[in-house]
Amino acid sequence: MKYLLIALVAALLFIPFLGAVHLFDWDEINFAEAAREMIVSHNFSQVQIDFRPFWEKPPLFIWMQAGSMMLFGVNDFAARFPNAIIGIATLVTLFAIGKKLADEKFGLWWALVYAGSWLPHFYFKSGIIDPTFNFFIFLAIYFASRIAYSGKHLRMAIFSGFCLGLAVLTKGPVAILVAILALLVYWIWNKGKISIRLSHIGLIALFACFTTLLWFGYEIIAHGWGFVNEFVAYQIRLLTTEDAGHGGPFFYHWIVLLIGCFPASIFLFTYFQGRKKSIYATPAAGEMKDFKIWMWVLFWVVLILFSVVKTKIVHYSSLCYFPLSFLAAHQVYKLAEGRLRLRGWNIALLLFIGIVLGIAIALLPLVGVYKDHLIPYIGDKFAVANLQAQVQWSVAEACYGIGYILLVIISAVLLIRHKTTNGLICLFVSTILVIQVTVVHFVPKVERYSQGAAIDFFISLQGKDVYVKALGYHSYAQHFYSRELPHTNKNYYDTDWLLNGQIDKPAFFICRITDSEQYRQHPNLEVIGEKNGFVFFKRKQQ
């Protein structure tokens, strides 16, 4: 019954309003467009963008999105629906594992801690690959950890390999890298004394290979090594270069996790208070201790790996959400049972970050209301033009942020007065509520500034036999929102031909205002509109 209840609550948190805002360029639109092109081309074995091979990702998540679009239509809701289902599965899984490791209370705390933290919750309402990838690789690690404690250790190894294979089919060989590094660090930590034997590792590898070969093998047999070679080459480049212009400092992901995983991240600092005797008086106490080691290993492996990797993107460290939420839930459980107390600096840090987040939420509508006073101080021409979007804000909307600040303060007061369970529930539930408000009420308004005008332009071209191209910046939105179909003239891929050649149908272009001057002067283009930082051009058929 509790499993069903958790699933229903998760469904209410993650499914409603999935289509309330357009998909965001790049990643959300990128994956959704690949799924749409699978449906249009009937080519479900290869990932494509602009109806050309796309080497960056394997197809599992794209298949999930394509299936969702075949069920709900090609739209924003369908693109995000698979992650909502993964979100439901995640909370149910966390409860089940927590119950097995300790008891139902721990399982419920773990599910609440995960759902009640900002980025872990928010990602289940997105259309990016990472929540699905993280779920599969977490399960692979979990089943591997069960080998030592389950009488069905061969079955655990098979399950681990199968989930690892699914992770590879979701995001690529980075799953294998993470798994190998985690096993190596775990082996070192235990000074080589682990219950996972070479036969288990062989079984995991065998079933991981079998699972991945369901696609890689078919692709090689059907189309040769070309696609696979390009795919592997891209994965190597991603780990060694600042791909897509996303660089950053070494501690980038440390800050992302501290702020983005609030309030769960705060409870990691309680581990500095020293270790005490385990509170788990169950036969699984030894397994809990060992699983905690696995979670620490996974957390540090992922954090350090993606701190070293040149490309810095927020969701690269999202695999940390599973171990971080477990480790936080472990301490939250001890707090609720009266076996741990927060120190003053723990509560001060909780208040500081919670208040900063609340202030940011409160300031957002004020920026919209008083933008005319801020614009003279903004030096970016494109940003200034973005702010010209007509979005309705009111000063009263700042109350959402103020309300969150008050609830964080109330939670802190309850914790100080040792009404610990009430304080913890208030903290995580209030965060869940404010996340819902942010996603439904604020994100659509922000999207109108960042890309709304461009998306409207592309939507206006749906059903028209035309060329559409973005100039001066990279985008996938023109393909997805214009519902572009394959072009018979392959010169289409040559931008110079679209601008200067003998085109066979009208061509439409978009660029940012900061790059527009050269195109305004182009003899073959005419400006047909300009809105919120974007300039729209048309070239007539010759």
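Nonpolar patches were built from residues with over 30% relative accessible area and no salt bridge, joining nonpolar side chains (Val, Leu, Ile, Met, Phe, Trp, Tyr) within 5 Å. Accessible areas come from the Shrake-Rupley method with a 1.4 Å probe, and for residues only the protein chains shown count as cover. A salt bridge is a side-chain nitrogen of Lys or Arg within 4 Å of a carboxyl oxygen of Asp or Glu. The model is predicted: local features need pLDDT of at least 70 and side-chain atom pairs count only at pLDDT 80 or more, whereas totals for chains, interfaces and linings use all residues. Residues are numbered from 1 along each chain as its sequence is written, and side-chain values use heavy atoms, with hydrogens and water left out.

Under these criteria, Phe 250, Phe 251, Ile 255, Ile 259, Trp 300, Ile 304 and Val 308 make a nonpolar surface patch of about 640 Å². Helices H12 (252-260) and H13 (285-308) are the elements that give two or more residues to this patch. Helices (H or I, at least four residues) and strands (E, at least two) are DSSP runs, numbered from the N terminus. The most is given by H13, with three residues. Phe 251 is found in the loop between helix H11 (226-240) and H12. Phe 251 counts as partly exposed because its relative accessibility is 48%; buried means under 20% relative accessible area, exposed over 50%, and partly exposed in between (1.4 Å probe, protein chains only).

Helix H14 (residues 321-336) is largely enclosed by the rest of the structure, because 15 of its 16 residues are buried. From first C-alpha to last, H14 reaches 21 Å, close to the 22 Å expected at 1.5 Å a residue; the expected span is 1.5 Å times one less than the number of residues. Gly 338, which has a positive phi near 75°, follows H14.

Strand E3 (residues 467-471) is mostly covered, with five of its five residues buried. In a regular strand the side chains alternate between the two faces of the sheet. On one side of E3, Tyr 467, Lys 469 and Leu 471 are buried, as are Val 468 and Ala 470 on the other. E3 runs parallel to strand E4 (residues 507-512) and is joined to E4 by five bridges; two strands pair if DSSP finds at least two bridges between them. Phe 508 in E4 is the bridge partner of Val 468.

With a disulfide defined as a pair of cysteine sulfur atoms within 2.5 Å, the count is zero. Cys 163 is in no disulfide, the nearest cysteine sulfur being that of Cys 209, 15 Å away. Cys 163 is buried, with a relative accessible area of 7%. Cys 511 is also buried, at 0%.

Conventions
Patch = residues over 30% accessible without salt bridge, like charges linked within 9 Å, V, L, I, M, F, W, Y side chains within 5 Å.
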